Amino acid sequence: MDFIGRKISEARKTKGITQEELAELSNVNLRTIQRIENNENEPRGKTLNLICEVLQINTQELLRNNAGEAKNSIATTVVNGIFLLALNLLLATIIGYLSSASGSNFNSRVGAFLLSFFIPIFIVTMTLKMNGLERMLKFGTGFISYLIMILVLDIIRGLETFMIPCLVMSLAILFFGHKLFRKEV
């Protein structure tokens, strides 16, 4: 559904037509056009044909591309899931190694602190449209797992090595970081 609404919106904007003009030219209600472009409704049958006729889009090609994107989205979802899992494990491992390895010194702990601040800030700047909970669950599951493991196994060592504060700070930035970049209206 996302694909059709996006393609109709792009075609309309490319032709320099407003939603109101598209509604008038295609004899489709303005609210219907808005719902289609906002992916609240999927146009079918006559409505889709009327809109495609005005925008000079091939209806069959549009529907075929939509089906192809749905198949690609399953593979994309699996690949993205594997990537996010690997990323989460890597981030937590790096911060864990720097702060709690047997040979860690003050400099490596400062490095862990800086990484646990700047990596989540970078993630927040790249995902400003995501809400805090979604961002924290996508990019912070490694931190959450590591934190739980430390709390269960060895809380004292986690505090001594500065690991728990680093993990908590990372999770807090992932969750609340969008407030740092909120644009004033």
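Visitor: Quick one to start: which helix does Phe 118 lie in?
Guide: Phe 118 sits in helix H6, residues 106-126. Helices here are DSSP runs of H or I with at least four residues, strands are runs of E with at least two, and both are numbered from the N terminus. Keep in mind that this is a predicted model: local features need pLDDT of at least 70, side-chain atom pairs count only at pLDDT 80 or more, and totals for chains, interfaces and linings use all residues. Residues are numbered from 1 along each chain as its sequence is written, and side-chain values use heavy atoms, with hydrogens and water left out.

Visitor: Is Phe 118 buried, exposed or partly exposed?
Guide: Partly exposed, because its relative accessible area is 49%. The cut-offs are under 20% for buried and over 50% for exposed, with partly exposed in between (1.4 Å probe, protein chains only).

Visitor: And what nonpolar surface patch is there?
Guide: There's one of about 640 Å², made by Phe 106, Val 110, Phe 113, Leu 114, Phe 117, Phe 118 and Phe 162. Patch residues have over 30% relative accessible area and no salt bridge; nonpolar side chains (Val, Leu, Ile, Met, Phe, Trp, Tyr) are joined within 5 Å, like charges within 9 Å. Areas come from Shrake-Rupley with a 1.4 Å probe, and for residues only the protein chains shown count as cover.

Visitor: Zooming out, how many helices and strands does the protein chain have?
Guide: 10 helices and zero strands. Of its 185 residues, 35% count as buried. The protein chain exposes about 11,600 Å², with carbon and sulfur atoms supplying 62% of that.

Visitor: What about contacts between residues at least 6 apart in sequence?
Guide: 64% of those join residues at least 24 apart, where contact means heavy atoms within 4.5 Å. As a separate distance example, Lys 179 and Val 124 are 55 residues apart in sequence and 9.7 Å apart in space, C-alpha to C-alpha. Lys 179 is in the segment after helix H10 (163-176).

Visitor: Switching to H8: which of its residues are buried?
Guide: Gly 142, Phe 143, Tyr 146, Leu 147 and Ile 150. Down the axis of H8 they fall within an arc of 130°, so they line one face of the helix. The arc is taken over the directions from the helix axis to the C-beta atoms.

Visitor: What span should H8 have at 1.5 Å a residue?
Guide: 18 Å for its 13 residues (141-153), and the end C-alpha atoms are 18 Å apart, which agrees. The expected span is 1.5 Å times one less than the number of residues.

Visitor: OK, salt bridges. What's the count?
Guide: Five, with the rule being a side-chain nitrogen of Lys or Arg within 4 Å of a carboxyl oxygen of Asp or Glu. One of them pairs Lys 7 with Glu 10, closest N and O atoms 3.6 Å apart. Another joins Glu 40 and Arg 31 at 3.5 Å, N to O.

Visitor: How are Lys 7 and Glu 10 placed in helix H1?
Guide: They're three residues apart in H1 (residues 2-14), so about one helical turn separates them. Lys 7 is partly exposed at 32% relative accessibility, and Glu 10 is partly exposed at 38%.

Visitor: Which salt bridge do Glu 134 and Lys 138 make, and where?
Guide: Their side chains meet at 3.9 Å, N to O. The two are four residues apart in helix H7 (residues 132-139), so again about one helical turn lies between them.
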